[in-house]
Amino acid sequence: MTDAIICAPLGVEARAIRQGLRGSADPPRVRRTGYGTRRAADQAGELKADSFGQLAVMGVGAGLTADLSPGDLVVATEAGVATCPSAPLLAGELRRAGLTVRTGRVTTVDHLVRRAERATLAADGSLLADMESAPLAAAAGDRPVAVIRAISDTPVHPVAGIVSGGLAALRSLRAAAPAVERWAAACGPRQVLLAGPRSFCAGVERAIEIVERALELQGKPVYVRKQIVHNTRVVGDLEGRGAVFVDELDQVPDGATVVFSAHGVSPMVRAEASQRGLAVIDATCPLVSKVHAEARRFAADGYTVALIGHEGHEEVEGTLGEAPDSMVLVQTPQDVAKLRPRDGDRVAYLMQTTLSVDEAAEVSGALRDRFPAVRTPGSDDICYATTNRQAAVRAVAAESGLVLVAGSANSSNSVRLVEACERNGTPAHLIDSAEDIQLSWLTGVSTIGLTAGASAPPAVVEEIISALSGLGPLSVSERVTTTESIRFGLPKEVRQ
Ligand code: SF4
């Protein structure tokens, strides 16, 4: 049963929220708390004596920055002394419902704010001013709290337009109410089990450092062919610092410096860069380069080389390019059955570095069955980081009702972590940030496994933990299956 309270200062606000909750089997209580700071303080006193599990404050408010529009929602990260760590979860839920949402500080004042005061409050870091949220939110004490305010007026649409702005704000409150109900349903005590190891591997750290050092040494822009690693956060951060990501070399100006990504490139790309006179800094992971070298060696010895991997992945394209006439991609045991090598006694196989260990074993097993003399790489192609992260996530998945994997959709090793959980019967979701977590995933789940792909920054994991801590008491522990100490040296171009 929901034991949440939604506080709404005005009758019209309470009505809009109740309309939004129509159809709910067990809606939260909506309590009209009255207009202004004095009534809010009185109600806060009464709320302290009330028994509720979580508290949300909803209403309209004054936008403080010119980029806000009437009807936009502000989800508070803080309101007075109350902090709202789950704001990213609620903001994500509201955005998926089609609403325009900002997260930030909500400030409570005891009067209507005018133009000059809006600027002062905005300069102080606030997004919205109201006259009730801070005392009401403080009444939550240690319990989960959320503050959602819809903008009725802004510096550009001031109080004169408040009727139309107010209607837009009430519509947004109504539309937001179901998400607030889902937030309340997701609240509760839980534990997070962190998989160890997780997040950045040595190849990703090296690739990012190469771009950072190139920016330091050469100034911006530094061109990077393809995403340096498959993570939107990393790419966005480097873009902000002056890196320019391009799909192909013809987008790089003559004479410029270009960094090759961690996934490697084919010899054709290297040749094109050389013909163009581009200065190349190679951030290919040394473990990918090792697979390229194996491909060249097997092909030179007259072998047909089956590359176990995923079609279209940049690493696979680069590796296939090493010996296009001798190599063939195999993704499934069925592909193995269709293989037509020049000589069945001279077949070798290699693997993409970020495959699922289990899935790759099926395909390599099929190759060994069909070609008993098949040659294999000297050491595993699936890299240490991929193997370790899969073992670690399996360990936490066994104890969890749900696993969250931080990583981008195009990150092969992150997707494989989701699959490893699902193969073991634990639901898992890939998320780029805390905002991607759907609150319905969390309802009724008391233990969440948490990991990050090799290209996902550790900061994302911290943000996810922080957001979950806003839903109730959270204990965090780690299950370490192995420790890593591998580091790769930097190329000479960025060594000082
Ligand atoms: S996942 Fe493995 S192959 Fe890829 S960059 Fe990291 S260490 Fe290198």
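1. Ground rules. Residue numbers start from 1 along each chain as its sequence is written. Because the model is predicted, local features need pLDDT of at least 70 and side-chain atom pairs count only at pLDDT 80 or more, while totals for chains, interfaces and linings use all residues.

2. Overall picture. The protein chain has 17 helices and 20 strands; these are DSSP runs numbered from the N terminus, helices being H or I with at least four residues and strands E with at least two. The C-alpha trace spans about 85 × 50 × 35 Å along its principal axes. Of the 496 residues, 49% are buried, meaning that 20 or more other C-beta atoms, placed from the backbone, lie within 10 Å of the residue's own. Among contacts with a separation of 6 or more, 77% join residues 24 or more positions apart; a contact here is two C-beta atoms, placed from the backbone, within 7 Å.

3. Domains. The bounds come from an automatic or database domain assignment. Domain 1 is 4–186, domain 2 is 190–198 + 385–480, domain 3 is 202–284 + 488–494 and domain 4 is 287–370. Taken over C-alpha atoms, the centres of domain 3 and domain 4 are separated by 27 Å. Domain 3 puts ten residues into the contact and domain 4 puts in eleven residues. On the domain 3 side, three are nonpolar, six polar and one charged. For these classes, Ala, Val, Leu, Ile, Met, Phe, Trp, Tyr, Cys and Pro count as nonpolar, Asp, Glu, Lys and Arg as charged, and the others, Gly among them, as polar.

4. Strand 3. Have a look at residues 54–63: ten of the ten residues of strand 3 are buried, so the strand is largely enclosed by the rest of the structure. Strand 3 pairs with strand 1 (residues 4–8) in the parallel sense over four bridges, with Ala 4 opposite Gln 54. Pairing, by the way, takes at least two DSSP bridges between the strands. Strand 8 (residues 145–153) also runs parallel to strand 3, over eight bridges, and Leu 55 has Val 145 as its bridge partner there. Strand 7 (residues 126–130) pairs with strand 3 in the antiparallel sense over two bridges; Gly 63 stands opposite Leu 128.

5. Strand 12 (residues 257–260) makes four bridges to strand 13 in the parallel sense, Val 259 being partnered with Ile 281.

6. Ligand shell. There are 15 residues around the ligand, and Cys 201, Gly 203, Cys 285, Thr 353 and Cys 383 come nearest; to be near, a residue needs its C-beta atom, placed from the backbone, within 6 Å. Helix 7 (202–218), helix 10 (286–300) and helix 14 (384–397) each give two or more residues to the shell. Helix 7 has the largest share, at three residues. By class, the shell holds ten nonpolar, five polar and no charged residues.

Definitions and conventions
Buried ≥ 20, exposed ≤ 12 C-beta atoms within 10 Å, placed from the backbone.
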